[in-house]
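Me: Hi! I am new to reading protein models, and I would like to go through one with you. Could we take it step by step?

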Amino acid sequence: MQHQSQHQSQHQSQHQKKIALVLGATGGIGNAMAQKLLQRGWQVRALHRRADQMVAAERASGRNSGIAWRQGDAMQEADVIAAADGAAIIVHAVNPPGYRNWAELVMPMIENSIAAARISGARIVLPGTVYNYGADAFPDLQETSPQNPSTRKGAIRVRLEQRLRTAAQSGVRTLVVRAGDFFGPHMANSWFSQGMLKPGQPVTAVTYPGKRGIGHQWAYLPDVAETMVQLIEREEALAAFDSFHMNGHWDADGTQMVAAIGRVTGQAALKVKSFPWWLLPLAAPFLPVMRELREVGYLWRQPLRMDNRRLLKLLGAEPHTGWDEAVHSTLAGMACIKK
């Protein structure tokens, strides 16, 4: 009888612990994770500097996201600790606004998530980047590939992951899921929605940053979120610090993404323009985003592909939405086509 009540209380505490804190819930991957977790029966909290405005906007639109908005700032340790109370996971999907001030903001924010995870016992879930790798790791990236980045942003991301590795040695668990260039219905800052097409306008041409014949790796946000949630649900199989690579949508020759956009918009001979790389150095002093795009331009000049064998070994299959469905959902989310 005592064993049964112990088991019941354990089960109840596990049920109560299905609480997730999402940092960066208004961003692409944060939003996708919040939606996916809610579908799986998790309670989702999100930290926001203007939580009252988020609640008011939901009320005004008559739409209830199901997210519990908490007033606070990811740069304030006490705010993150309070929001993470009782949480089983902390999704660290927060980035400096407009890709600016990485050097000043990235490390303090991860320190706050580590402090909150240490107190709550939560596992940190981090969307990884390919910026961590330099040319010595290309073209096939494995979880164990050397991380010798060639950019400032990459060096900061390497420091961030090293900090999490160190924290894992003293009980703070982390899961890193690395994928290609994000695209999806709620992804505002991306090559797809900023570099290739214009949100809110019908598709008449695509500006493609790469060269024909050079492979490129894409990742559809709902697939990335589904992969993360499936891994979270296998907590007992994860190491204290664990990382996995996704294959996502591999465009072997740089033509498949454009072809999918053409099919979805009913334009078999969709016009493709070259991305004006020459313009970036001229625009960089005035538009910080141009400087950032220029810094990661090398990712379009050579193929790099993530090896997902480790992920397949654990999950059996990688969550994958077909090209056309994924592109249709993205274009509808960008108001380029009707939903």
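Me: How many positive and how many negative side chains does the chain have, and how far apart are the centres of the two sets?
Reply: Here Lys and Arg count as positive and Asp and Glu as negative, while His and the chain ends are not counted. Each charge is placed at NZ of Lys, CZ of Arg, CG of Asp or CD of Glu. That gives 37 positive and 27 negative side chains, with the centres of the two sets separated by 4 Å.

Me: Good to know! What should I keep in mind about the model itself?
Reply: It is a predicted model, in which local features need pLDDT of at least 70 and side-chain atom pairs count only at pLDDT 80 or more, while totals for chains, interfaces and linings use all residues. Residues are numbered from 1 along each chain as its sequence is written, and side-chain values use heavy atoms, with hydrogens and water left out.

Me: How many helices and strands are there, and what is the radius of gyration of the chain?
Reply: Helices (H or I, at least four residues) and strands (E, at least two) are DSSP runs, numbered from the N terminus. By that count the chain has 14 helices and 14 strands. The radius of gyration is taken over C-alpha atoms, and the globule rule is 2.2 Å times the number of residues to the power 0.38. For 339 residues the rule gives 20 Å, so the chain is as compact as a globular protein of that length, with a radius of gyration of 20 Å.

Me: What share of the residues counts as buried?
Reply: Buried means under 20% relative accessible area, exposed over 50%, and partly exposed in between (1.4 Å probe, protein chains only). Of the 339 residues in the chain, the buried share is 53%.

Me: Is Y208 buried or exposed?
Reply: Y208 belongs to strand β9, residues 205-208. A contact means heavy atoms within 4.5 Å. Leaving out residues up to four places away in sequence, Y208 touches residues including H216, D251, K273 and W300. With a relative accessible area of 5%, Y208 is buried.

Me: How far apart are the C-alpha atoms of Y208 and K273?
Reply: These two residues are 65 residues apart along the chain. In the model, their C-alpha atoms are separated by 6.2 Å.

Me: Which residues does R234 touch, not counting those up to four places away in sequence?
Reply: R234 sits in the loop between α8 and β11. Its relative accessibility is 26%, so R234 counts as partly exposed. The residues that R234 touches are L314 and L315.

Me: Which peptide bond is cis, with omega near 0°?
Reply: Look in the loop between β5 and β6, where P139 is found. The cis peptide bond runs from F138 to P139.
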